[in-house]
There are 2 protein chains.
Amino acid sequence: MSKCEQCIIKQFNALKTLSKEELLRVSSCKTSMFIKKGETIFEEGESVNGVYCIKSGACKLSKLSSNGREQIVKLVVKGDLLGQRSLIGSESANLTAVALNDMEICFIPKSEIINDLAKNPNFSNSILEQMAADLRNSDNVIVNMAQKSVKNRIAEVLIYLHETFGVDEEGFLAIQFSREDFANFVGTATESAIRILSQLKKEGYITTQGKLIKIENIEGLKRVE
Amino acid sequence: MSKCEQCIIKQFNALKTLSKEELLRVSSCKTSMFIKKGETIFEEGESVNGVYCIKSGACKLSKLSSNGREQIVKLVVKGDLLGQRSLIGSESANLTAVALNDMEICFIPKSEIINDLAKNPNFSNSILEQMAADLRNSDNVIVNMAQKSVKNRIAEVLIYLHETFGVDEEGFLAIQFSREDFANFVGTATESAIRILSQLKKEGYITTQGKLIKIENIEGLKRVE
DNA sequence: AGTAAAACATGACAAATATCATATTTAAAA
DNA sequence: TTTTAAATATGATATTTGTCATGTTTTACT
């Protein structure tokens with residue numbers, strides 16, 4: 001089992017604030033696992049009781065609406081922690097986490113890390129900072145959902161995917177996102193998402209090849225209304 | 001100047017985790033102030049550099065969208081802390097705070113409380129809990145905005161206002177919320193908010209008298225689609 | 001009280017989005 | 001490979017929501 005000390009993840013997330021000793025202890029009890037694309041890591045309502053470190057891959061966090069539709073609330077990517085809120089209080093997961101591609105993750109039980117949260121102010125501060133950033137981001141998402149058109153939101157998702165995951169050798173978005181994922185992310189019907197992607201294609205902002213998408217004019221996309 | 005120790009606010013928010021000594025020090029540097037309905041406490045982009053305790057009254061936190069509309073993101077009420085995120089990191093306010101009615105608030109400078117955050121794990125934990133709850137709430141708001149109809153969202157706001165502020169002697173909602181506020185809270189045009197309130201009136205869920213609103217059938221409202 | 005301004009209300013119409021139907025293409029499985 | 005299922009695409013139409021116009025009521029101010 002690899003040590004957290006050597007793991008690249010350490011450089012990205014709140015674990016970097018832990019001391020060598022703390023990291024060694026965490027290392028010794030963590031569970032490393034591989035998750036295949038489409039598999040569920042945890043579901044809304046379950047108790048999570050620990051945090052996951054994303055070593056590679058990405059997942060979507062979503063919630064089932066009362067109308068039966070899935071709403072993607074955010075994406076969690078390599079270097080992020082997943083399930084931080086399970087460390088605080090004892091409530092069950094509010095969201096469902098499903099892998100967008102093959103992932104490698106480490107699970108650290110709450111019991112092993114909860115003391116660090118109480119005793120290491122750097123660690124709790126780092127979690128605080130992360131949550132403050134998440135809240136700021138949520139505010140912005142709420143405003144976008146409430147005030148912007150579906151076309152505008154789809155354009156923003158394209159830009160976000162481009163910035164977050166980059167492109168492959170041929171210039172296609174490096175993450176595979178189905179039309180349904182687009183719809184569930186911006187809160188619209190799948191057909192509407194498809195229609196708008198077709199429209200963006202006709203307008204020359206993107207090109208597609210199968211389900212692969214290439215952004216051709218990112219500045220234009222930013223100005224889409 | 002009144003002491004935090006004796007203030008009722010102490011019982012509601014994160015300040016309750018401070019020791020007697022810490023509270024005394026905070027007390028000695030806080031600034032108490034009265035804010036009139038409609039006045040701005042701070043604006044998006046400003047640096048806040050401290051937290052406000054809401055002793056009485058309530059305010060709305062909103063953000064200006066790129067389309068020029070105001071989006072209300074959340075309400076902050078008596079017993080809540082306002083501007084907690086200013087304690088973490090050093091970023092400027094993401095939201096604008098405007099009083100919904102006359103308020104009495106206390107301002108505690110960041111410099112006086114930042115040490116407690118680092119040294120008193122109970123205090124930082126209390127802030128963490130609050131932020132975790134806020135995040136959970138934001139998730140739910142995002143889902144509602146993305147998936148529910150305007151009518152449904154207006155109905156939910158009515159229920160929320162009822163639960164949060166209660167009613168006056170005659171049964172009217174104890175908070176005055178303009179039609180524009182309703183619109184800005186659910187992300188719709190003012191005319192649409194007006195229309196839907198009229199509709200809810202016709203359907204017998206609410207009655208109005210001037211801008212006062214009385215909920216007549218809360219169970220019915222919960223079932224509105 | 002009288003006047004102006006703001007808030008509320010409602011009709012008519014336009015635009016955005018959802019829904020249903022039905023192809024077509026792509027991916028998965030036998 | 002062949003077959004089947006899933007994802008993508010697009011038209012037709014219904015529904016929801018926004019916009020503009022205009023009138024009424026309420027509130028604020030002198």
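This is a predicted model: local features need pLDDT of at least 70, side-chain atom pairs count only at pLDDT 80 or more; totals for chains, interfaces and linings use all residues.
Visitor: Which parts of DNA strand C lie within 4 Å of the protein?

Guide: Of the atoms of DNA strand C within that distance, 62% belong to sugar or phosphate, and the rest belong to bases.

Visitor: What makes the approach of Arg195(A) to a base oxygen of DNA strand C a polar contact?

Guide: The cut-off for a pair of N or O atoms is 3.5 Å. A polar side-chain atom of Arg195(A) lies 2.9 Å from a base oxygen of DNA strand C, so the pair meets the definition of a polar contact. From chain B, a polar side-chain atom of Arg179(B) lies 2.9 Å from a phosphate oxygen of DNA strand C.

Visitor: Which helices supply at least two residues each to the surface near DNA strand C, and which gives the most?

Guide: Helix α6 (190-202) of chain A and helix α6 (190-202) of chain B each supply at least two residues. The most comes from α6(B), with five residues.

Visitor: What classes of residue make up the surface near DNA strand C?

Guide: There are eight charged, five polar and three nonpolar residues on that surface. Arg is one of the residue types counted as charged.

Visitor: Which residues come nearest to DNA strand D?

Guide: Of the 16 residues around DNA strand D, the nearest are Arg179(A), Arg195(A), Arg69(B), Thr188(B) and Ser192(B). Sugar and phosphate account for 58% of the atoms of DNA strand D that come within 4 Å of the protein.

Visitor: How do you know that Ser198(A) is in polar contact with DNA strand D?

Guide: An N or O atom in the side chain of Ser198(A) is 3.0 Å from a phosphate oxygen of DNA strand D. The limit is 3.5 Å, so the pair qualifies.

Visitor: Which helix gives the largest share of the surface near DNA strand D?

Guide: The largest share, five residues, comes from α6(A). By class, the surface near DNA strand D has three nonpolar, five polar and eight charged residues.

Visitor: Why is the pair of Arg136(B) and Glu91(A) called a salt bridge?

Guide: The closest N and O atoms of Arg136(B) and Glu91(A) are 3.1 Å apart. The cut-off is 4 Å, so the name applies. Between chain B and chain A the count is four salt bridges.

Visitor: How do you know that the two copies are related as by a two-fold rotation axis?

Guide: A rotation of 180 degrees, with 0.0 Å of shift along its axis, superposes chain B on chain A with an RMSD of 0.0 Å. The two copies are therefore related as by a two-fold rotation axis. Of the residues of chain B, Ile142(B) comes closest to this axis, with its C-alpha at 2.8 Å. The same surface serves both copies, as 97% of the contact residues of chain B recur in chain A.

Visitor: What makes the pair of Lys60(A) and Asp181(A) a tie between parts that are apart in sequence?

Guide: Lys60(A) and Asp181(A) form a salt bridge, with their closest N and O atoms 2.8 Å apart. Lys60(A) lies in strand β4 and Asp181(A) in helix α5 of chain A, so the pair ties together parts that are 121 residues apart in sequence.

Conventions. Residues are numbered from 1 along each chain as its sequence is written. Chains are lettered from A and ligands numbered from 1 in the order in which they are written. Side-chain values use heavy atoms; hydrogens and water are left out. A residue is near a molecule or strand if one of its heavy atoms lies within 4 Å of it. A polar contact is a pair of N or O atoms within 3.5 Å; within protein, one must be able to donate a hydrogen and the other to accept it, and residues adjacent in sequence count only if both atoms are side-chain atoms. Helices (H or I, at least four residues) and strands (E, at least two) are DSSP runs, numbered from the N terminus. A salt bridge is a side-chain nitrogen of Lys or Arg within 4 Å of a carboxyl oxygen of Asp or Glu. Copies are superposed by least squares on the C-alpha atoms of residues with pLDDT of at least 70 in both. Contact means heavy atoms within 4.5 Å.
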